Amino acid sequence: MDAFYNPLTLSRIQFAITTSFHMFWPLLTIGLAWWLVALEAAWLITGRNAYYRHRHFWGKLFLLGFGVGVASGLPLEFQFGTNWALFSRAGGGFFGNILGFEASMAFMLEAAFLGIMVFGWNRVSRGMHIFATIMVAFGSTLSAFWIMSANAWMQTPAGTMMVDGRAVPVDYFAAIFNPAWFYSFTHMLAACLATTLFFIGGICAWFVSKGRQSQAFLKALKGVVLAAAVITPLQIYLGDLSGRGVAKHQPAKTAAMEAHWQTNPPGTGASWAIAAWPDLDHERNAWEVRIPQGLSLMVHHQPDTQVTGLKDFPPQDRPPVVLPFYALRGMVLIGMAMFALMLWSLVKWFRGRLSAEHAAQSRWFLRAWMWSIPLGFIAADLGWAVREVGRQPWVIYNVMRTEHGVSNISAANAAWTLAGYTAIYVAILVAFIVLARRVILRGPDDTLELSYGGGHDDDAAAEGR
Amino acid sequence: MDQVTGAYVWAGLIGLMLALYVMLDGFDLGVGVLSLLTRDRRLRPLMMANIGAIWDANETWLIVAGGALFGAFPLAYSVALNAFYIPISIMIFGLAFRAVSFEFGAHSRRKALWERAFGVGSLMAVLGQGFTVGGLLGGVKVSDGAFAGGAWDWANGLSALIALAVTMAYVTIGAAYLQTRTAEHLAKPVRRWLIAASIMMAAAALAATAVMPFLQQRVLENWIARKTQYFLPGLAIGAVFGFAMLIVTTVFRSRTHWPFYLSLLVFLLTLAGGIAVMYPYAIPPSITVPQAAASRETLVFMLIGIGPLVPVMLLYNAYLYRVFLRPEKSAKFEDRSSKLESGE
């Protein structure tokens, strides 16, 4: 069999591309939806028109992202069948069930209220309108819950029994709330919020640097910093929780993502490689930079504890090493950078440097925020690579191997859809960037006619123009 | 509830979801295909504006049905999607185009391009669905619980006829819908499409019905079986009657809304006929509905989780429709298309 041109490899690449691309949009829209709820609530409470106009500005970006999210999410649901028929047959009894829950409980809620949220201004009451916005945000969050529960079941399949090669749920509670679900869902949700915060913060920084509506966007930036002060340390904690969870339930993944070959003898600590180049043939690292006892500290929070090495697993059961190893480090680095930027912002704020007259001068500070716009997206994709590549060679951990899950399709068939998805996604991404840039350049429309009669233009908003 | 009962309950629920999908999304798919046919530039944005607020919720029924099929009938889901890899992929590509063309078109300077993308996407989705249904009715080669045929098995004369019938049915529904929403000076070309498409739909459906028993012994046996003896002719008479009424009401313009409801009726009756021909198979000619279904546990749990939601989903869809689709005069459409352009 050709190493590359075969249905298994091509389907895996296709799934990796479609998932990595799809993930961008929930990352953006889940957080943005709650941001819209916050702005709309602020508008209803204060009656200030600036909130209404900013709500519309971010609403446009939300909608652009939502459209791409639907366009890229649909292929995922059907791809399980088209490319992974045997996995679907085996896992469908639970996994498909959960996707059905996601579609009917979460996605339907989101889609129906989206119409009201977007086109319902002046057609429904204010109360109904914010209810619709809340339902969109709630629906998208619930959607993430079900998807992460389903994926976590693939990592730690609990509560089901294999009967004639099909998963039959015996304990639904155990299956839905499987060992991996909590750290998976919370880590992902915090990633969504963090990504959106830095996306919003970066755009705010751009407006401040251009001196456009500085007052209003500084206010938004401060809100972002406050939220990031909660989310970024929380995310570091949840990352640690995930790491320990993985070590407990998927030790081979931990060994691979840390390039840890040899189980350390009892009574000693496992060292942690900051950087290394794994040499798969000789089952060791060609070179490495290590911190003594680091890995034991991370995995067990104690210096002298044992961590299982890759050599303890038969070669055919080991995940790839290089990609998870470096993807993990990339993700952690980005998480730390976000945390640092949050701290920097707090320091500036306490020194009174986040006022309209000072902030515009802090060029590097604003640039740092602008550059951090893509950070969350990259970190989440890297983290997902650790999660999914680290699960290999299993599609359902320790139950079904990935190569046994693929459909009966030709390589040519897998190849043309792979080419098609890639082409469509590149086109969509380019179009999204062009259009989102246009929306951002135009900025909040301060001549926008107000729905429901309108409130008052207060000083701050008026000055900001 | 035993596994067999659960399987048929779920088959009925998925049938309901698909019927809702066809009824709700059918007209905007049809309007999309129609937008490729019109040379009247004024009509195209109007078509888009008419469906902007609701297409997303409509399309969601397909996603819900897909998820339900995956969970309740993992075997049917895996075999069918594997067997119809090419038409399903074409449908997905088409739906992806449609999904982005609304929001992107609202902000783009080249609106015509995105309107075109919407039309092409609709056509791809419709053809993909048509060939999938056609291929399914023609039978799928299965061995050992997995698809065992070739990638192009679905491409044959029968599935081409059925794909044509499905496409024309969508166009009919779309045109009939537009007719209820359009001012008189724009209604004339719409009416012409309505008549042409409905005649082509009827011809293709009749031809497919006529050839099917000759291609498959099983279908013929099914037709003369005691269970379906009265049922199938009843459906056929209903469909023919609905079709005749559709033509009459369109030609004589006596009732602007009737052709829309009649076109839905004809489509649903034909769909029911197609399902009746398949009975008791989920994947003809070898996998029956209970064989394709998941375990009793899954079926029951899914029913507890999703069953009560079906009326709730219907309720908020009804609310959405009540907000946006109150019968209005055409002056309001200008208002809506300008709103569409502003993006929010």
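1. Helices here are DSSP runs of H or I with at least four residues, strands are runs of E with at least two, and both are numbered from the N terminus. The two side chains form a salt bridge at 3.1 Å, N to O, the term standing for a side-chain nitrogen of Lys or Arg within 4 Å of a carboxyl oxygen of Asp or Glu. Asp240(A) is partly exposed at 25% relative accessible area, and Arg244(A) is partly exposed at 27%. Buried means under 20%, exposed over 50%, and partly exposed in between (1.4 Å probe, protein chains only).

2. A word on the ground rules: this is a predicted model, in which local features need pLDDT of at least 70 and side-chain atom pairs count only at pLDDT 80 or more, while totals for chains, interfaces and linings use all residues. Residues are numbered from 1 along each chain as its sequence is written, chains are lettered from A and ligands numbered from 1 in the order in which they are written, and side-chain values use heavy atoms, with hydrogens and water left out.

3. Over all chains there are 11 salt bridges. Glu40(A) and Arg55(A) make one of them, at 3.0 Å, N to O. This pair links distant parts of the chain, with Glu40(A) in helix 1 and Arg55(A) in helix 2 of chain A, 15 residues apart. Both Glu40(A) and Arg55(A) are buried.

4. In chain B, have a look at Glu59(B) and Arg98(B), whose closest N and O atoms are 3.4 Å apart in a salt bridge. Glu59(B) lies in helix 3 (residues 55–72) and Arg98(B) in helix 5 (residues 85–107) of chain B, so the pair ties together parts 39 residues apart in sequence. Glu59(B) is buried at 1% relative accessible area, and Arg98(B) is buried at 0%.

5. Now the interface: chain A and chain B bury about 6200 Å² between them, 71% of it on carbon and sulfur atoms. Buried area is the accessible area (1.4 Å probe) that two parts lose on being put together, summed over both. In chain A, Met108(A), Phe119(A) and Arg123(A) lose the most area to chain B, together 12% of what that side buries. The count of salt bridges between the two chains is 0.

6. The contact (heavy atoms within 4.5 Å) takes 74 residues from chain A and 70 residues from chain B. Val70(A), in helix 2 of chain A, touches Asp56(B), Glu59(B) and Ala99(B) as well as Phe107(A), not counting residues up to four places away in sequence. Val70(A) is buried, with a relative accessible area of 6%.

7. Finally, the aromatics: the structure holds 53 aromatic pairs over all chains. Rings of Phe, Tyr and Trp (its six-membered ring) pair if their centres lie within 6.5 Å; planes under 30 degrees apart count as stacked, over 60 as edge-to-face and the rest as tilted. Trp35(A) and Trp58(A) are edge-to-face, 6.2 Å centre to centre with 85° between the planes. Trp35(A) and Trp58(A) are both buried. One cluster of ring pairs includes Trp181(A), Phe182(A) and Phe301(B).
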